[in-house]
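Open the model in your viewer and keep the selection panel at hand. Each stop below names what to pick and what is there.

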Amino acid sequence: MTQTDTKIRFLCLTGVAGLLLAGCMSVGMRFKERSQVTVPEKIAKPFCLERVELTSKADRNSPHYKEGVSCPPLAGRQRDNDFGDDLTRRAETRYPQLFSRDPKAVPFTVRIDHETVMKSKGIPLFLMTLTLAGLVFPSWPPDEEHRNFHITLDAGEGQIFGSADCSACEFRWMSFYTPFAMLGVPGESDIPKKSGVMAWADKNFQERERDAILDEIVESIAAVLVKTDPASLPARRTKPGAVREVPLPDTFPLPNF
């Protein structure tokens with residue numbers, strides 16, 4: 001064996017060892033309960049999603065708690081102030097007969113309160129230090145990260161006319177020294193699972209997770225709107241200087257000369 005072959009083998013072994021020490025992981029995501037909504041093809045009067053407000057907070061029981069930490073799959077969009085635009089666009093694309101920007105559509109505001117709750121179910125750290133079992137084999141049962149969303153619909157001036165809840169659970173298991181965790185975390189997932197090194201940080205998985213959460217929020221909002229009679233909502237007060245639409249009669253009386 002030449003010196004070059006020895007160096008190549010050493011580099012390969014070092015690379016594999018580094019990947020294994022970094023941890024192999026498999027991750028999936030499922031919803032606690034999927035919203036089931038049937039939107040009629042014809043709507044008496046559509047709604048206009050005028051404003052979206054997202055308030056997030058991390059699990060206060062977590063030692064890593066920081067005030068204002070947002071939902072990881074939505075963090076980039078929230079930071080760039082694009083979350084509301086994304087949600088509105090997906091709602092109008094999914095149900096164009098229900099969501100509209102027509103001036104005659106009924107305007108409303110969506111407020112979303114988000115909270116992350118960590119539920120670690122893996123082997124305690126002190127047991128992992130006593131045996132290699134917790135390092136060689138995947139952690140069991142899988143750790144869970146619950147993202148709960150409380151959605152409130154406001155017709156204006158604090159007139160709440162509906163609310164809904166949805167919850168997404170990201171579950172994952174991890175192994176060190178061996179790639180066993182890459183076999184796939186058990187359990188059904190509403191999006192394709194991802195296995196690899198630090199799989200939870202995979203960009204494609206995060207995008208699929210974000211899109212699935214946005215679609216579920218849209219479904220929850222639509223489920224409230226289809227049960228709401230626009231005529232029952234309070235009329236918006238006309239702002240000073242605003243232009244009002246005045247209906248014109250079908251015929252005009254002619255002047256007598």
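Select Phe99. It sits in the loop between H3 and E3; helices (H or I, at least four residues) and strands (E, at least two) are DSSP runs, numbered from the N terminus. Phe99 counts as buried because its relative accessibility is 3%, where buried means under 20% relative accessible area, exposed over 50%, and partly exposed in between (1.4 Å probe, protein chains only).

This is a predicted model: local features need pLDDT of at least 70, side-chain atom pairs count only at pLDDT 80 or more, and totals for chains, interfaces and linings use all residues. Residues are numbered from 1 along each chain as its sequence is written, and side-chain values use heavy atoms, with hydrogens and water left out.

Stay on Phe99 and show its surroundings. Not counting residues up to four places away in sequence, Phe99 touches Phe47, Leu49, Ala91, Glu92, Phe108, Ile221, Ala222 and Leu225; contact means heavy atoms within 4.5 Å. Draw a C-alpha distance from Phe99 to Leu225.

**The core**

Next, select the residues that touch the most other members of the largest nonpolar core: Leu87, Phe99, Phe108, Ile112, Ile217, Ile221 and Leu225. The core has 39 residues. A nonpolar core is a set of buried Ala, Val, Leu, Ile, Met, Phe, Trp, Tyr and Cys residues joined through side-chain atoms within 4.5 Å. Colour the elements that give it two or more residues: strand E1 (24–31), strand E2 (47–57), H3, strand E3 (106–119), strand E4 (143–154), strand E5 (160–175) and H6. Which element gives the largest share? H6 does, with 10 residues. Now pick Cys24, Phe171, Trp173 and Val185. They are among the five residues of a second, separate core. In soluble globular proteins, nonpolar side chains tend to be buried together.

**The helix pair**

Show H3 (residues 83–94) and H6 (residues 203–225) as cartoons. Their axes come within 10 Å and cross at roughly 65°. Axes are lines fitted to C-alpha atoms, for helices over the stretch in contact, and angles run from 0 to 180 degrees between N-to-C directions. Is the crossing of H3 and H6 left-handed or right-handed? It is right-handed: the near helix is turned clockwise from the far one by less than a right angle.

H3 brings Phe83, Asp86, Leu87, Arg90, Ala91 and Arg94 to the contact, and H6 brings Asp211, Leu214, Asp215, Ile217, Val218, Glu219 and Ile221. Sorted by class, the residues of this contact are seven nonpolar, no polar and six charged. Here Ala, Val, Leu, Ile, Met, Phe, Trp, Tyr, Cys and Pro count as nonpolar, Asp, Glu, Lys and Arg as charged, and the others, Gly among them, as polar.

Still on H3, click Thr88. Thr88 is buried, because its relative accessible area is 9%. Leaving aside neighbours within four places in sequence, Thr88 is in contact with Leu49, Val52 and Arg101.

**Strand E2**

Move to Cys48, in strand E2. Its relative accessibility is 16%, so Cys48 counts as buried. Beyond residues up to four places away in sequence, Cys48 touches Ser100, Arg101, Ala105, Val106, Pro107 and Phe108. Check Thr109 too: Cys48 and Thr109 are 61 residues apart in sequence and 8.7 Å apart in space, C-alpha to C-alpha.

Select Val27, in strand E1. Val27 is buried, at 0% relative accessibility. Its C-alpha is 9.4 Å from that of Pro186, 159 residues apart along the chain.

Go on to Asp190, in the loop between E5 and strand E6 (194–197). Asp190 is partly exposed, with a relative accessible area of 38%. Asp190 touches Met29, Arg30, Phe31 and Arg34, not counting residues up to four places away in sequence. From Asp190 to Gly28 the C-alpha distance is 7.8 Å, and the two are 162 residues apart in sequence.

**Zoom out**

Show the whole chain. It has six helices and six strands, in the order α-β-β-α-α-β-α-α-β-β-β-α from the N terminus. Buried residues make up 38% of its 257 residues. Among contacts between residues at least 6 apart in sequence, 76% join residues at least 24 apart.
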